[in-house]
Amino acid sequence: MREARQLYINGEWTTPADGAVQELTGPATGRVGGRTVLGGGADVERAVRAAREACPAFGGTSPAERIELLEAVGAEYGRRAEDRAQAVTAELGSPISLSRTLAPGLSPAAWASPTCPTP
């Protein structure tokens, strides 16, 4: 059974503020196949604050540095495509062949953005 007990915020795994847990029920079987923690308002605030603090640093990088970073992110998505497909199947009950088309690796171009949004 899969269990996610933490949220990834500001580059590290953290325990959510309220710790509410959601059971994940497989639609094909009706059985509980996992559990995940739910983030609340305080967690959203921490994530938004971390993103805002990261924008100036990312905005100060050169286009070449951004491309390198985004290509690395795209490569990791490609490496984890099967993991994502398995998660889609577990959560939606879709056939794995369909899930694999819904969770393909992403091209680095899909991540390219010359600016970081401002608040």
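A contact here means heavy atoms within 4.5 Å. On that basis, in this predicted model, 49% of the contacts between residues at least 6 apart in sequence join residues at least 24 apart. The protein has 119 residues, and 18% of them count as buried.

H3 covers residues 81–92, and its length checks out: at 1.5 Å a residue, its twelve residues should span 16 Å, and the end C-alpha atoms do sit 16 Å apart. Four residues of H3 are buried, namely Ala81, Ala85, Ala87 and Val88. These take up an arc of only 160° around the axis, so they lie on the same side of H3. Their cover includes strand E1 (2–4) along with helices H2 (63–79) and H4 (96–102).

The end of H3 is another story. Leu92 belongs to H3, but Leu92 counts as exposed because its relative accessibility is 57%, and the cut-off for exposed is over 50%. Just past H3 comes Gly93, which adopts a positive phi of about 80°.

Technical notes:
Residues numbered from 1 in each chain as written. Predicted model: local features only at pLDDT ≥ 70, side-chain atom pairs only at ≥ 80, totals over all residues. Heavy atoms only, no water. Helix = DSSP H or I, 4+ residues; strand = E, 2+ residues; numbered from the N terminus. Buried < 20%, exposed > 50% of the residue type's maximum accessible area, 1.4 Å probe, protein only. Expected span 1.5 Å × (residues − 1). Arc of directions from axis to C-beta.
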